[in-house]
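Please go through the predicted model below with me. Start with one loop, then turn to the ligand, the domains and the backbone.

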Amino acid sequence: MKKACVIGFPISHSRSPLIHNYWLKRLGIAGLYEKREVRPEQLAHFLSHLREEGYEGCNVTIPHKEAALRLIPNLDAVVRKTGSLNTVYFDGGKLSATSTDGEGFYQNLLSAYPRFDAKAQKAIILGAGGSARAIIERLLRAGMAEIAIVNRTVARAEELAGLFGPAVRSVDPDHFDSESKTATLLVNTTSQGMAGQPGPDVELSSLPSSAIVADIVYVPLKTELLRRAEARGLATLGGLGMLLHQAVVGFEKWFGQKPAVTEELYRLVARDVDPEFR
Ligand SMILES: NC(=O)c1ccc[n+]([C@@H]2O[C@H](COP(=O)([O-])OP(=O)(O)OC[C@H]3O[C@@H](n4cnc5c(N)ncnc54)[C@H](OP(=O)(O)O)[C@@H]3O)[C@@H](O)[C@H]2O)c1
């Protein structure tokens, strides 16, 4: 039986087991995806004995993401560019890692808006943390012409922009309004809007009517930002689809088949987030 797991400490309410075990059952694969509590002092031993523990690989969550970077010998190009990883697997027997958040965001965007073409377009990214970095890296690879980072701590946005080429700039929050006139994609990557908290304090009225407003927060499923965008008649994209699409990458590496993100899976996980979801 093939196995994979998610490791963290404490191992929070991860939804990964729900997602991967759903796919294993649907595809008729004799496999199992488990949750494993791994303390920081156990991480090096756990990763170096992953095979002996019976695993094809694992997801890595808080607080191990940084330490794992130093313990995994084979980091792919996405990890090297984004400085973060969340998926560990074996490549020709060698312990390897990738980061799937950028891919998850992009595939979610394409699945909701198949005609979206990043080329010659401009995005505004709210936030300058790990997920902003992953999404920027993926949008640039998709050909995005211009990316403006707007962050509470401007110095962090400047630092992030500096990691990429001239297509990526830091923009002061005070200039959001004028900047948004020409943006066709707005992405909230801050934690603002989580669980009943107010969303990012940005005015949506200057965005073109063709713009897509995306939020990577998925608790609640429909954030305040998305509600405001809908009220303005803009196209929207929630964060739960990103979580499902990012999981595809690891599943395929561990279990050898590419699973589908279906309406049925979305409903299953959405009900776990919000029992009232219909
Ligand atoms: N849908 C998915 O699959 C998925 C995947 C990954 C993450 N997420 C979600 O994305 C969010 C961010 O994750 P991350 O790993 O990128 O976090 P992170 O590295 O800690 O970055 C957090 C960002 O949010 C900003 N921020 C936090 N509180 C703020 C506030 N009160 N006002 C203004 N800005 C604020 C920070 O600004 P400063 O620089 O000024 O501190 C920073 O830019 C989390 O809610 C996480 O759950 C979702």
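**Loop, ligand, domains, backbone**

Q: What pLDDT do side-chain atom pairs need in order to count?
A: Residues are numbered from 1 along each chain as its sequence is written, and side-chain values use heavy atoms, without hydrogens and water. This is a predicted model: local features need pLDDT of at least 70, totals for chains, interfaces and linings use all residues, and side-chain atom pairs count only at pLDDT 80 or more.

Q: Which side chain makes a polar contact with the side chain of Ser206?
A: Contact means heavy atoms within 4.5 Å. Beyond its neighbours within four places in sequence, Ser206 is in contact with Ser180, Lys181, Arg232 and Asp177. A polar contact is a pair of N or O atoms within 3.5 Å; within protein, one must be able to donate a hydrogen and the other to accept it, and residues adjacent in sequence count only if both atoms are side-chain atoms. At 3.3 Å, the side-chain partner of Ser206 is Asp177.

Q: How much of the ligand's accessible area does the protein cover?
A: Ligand oxygen atoms lie 2.5 Å from a polar side-chain atom of Ser131 and 2.9 Å from a backbone N or O atom of Ala128. An N or O atom in the side chain of Thr153 is 2.5 Å from a ligand oxygen. On its own the ligand has 930 Å² of accessible area, and the protein covers 71%.

Q: Which residues of domain 1 lose the most area to domain 2?
A: An automatic or database assignment sets the bounds, giving domain 1 (2-99 + 241-273) and domain 2 (102-238). Between them they bury about 1400 Å², 67% of it on carbon and sulfur atoms. Together, 42% of what the domain 1 side buries comes from Lys81, Met242 and His245. Buried area is the accessible area (1.4 Å probe) that two parts lose on being put together, summed over both; the residues asked for are Lys81, Met242 and His245.

Q: What is omega for the peptide bond joining Val219 and Pro220?
A: Pro220 lies in the loop between β11 and α9 (224-231). Its bond with Val219 is cis, and omega is about 5 degrees.

Conventions: Areas by Shrake-Rupley, 256 points an atom, 1.4 Å probe, with all protein chains shown as cover. Helix = DSSP H or I, 4+ residues; strand = E, 2+ residues; numbered from the N terminus.
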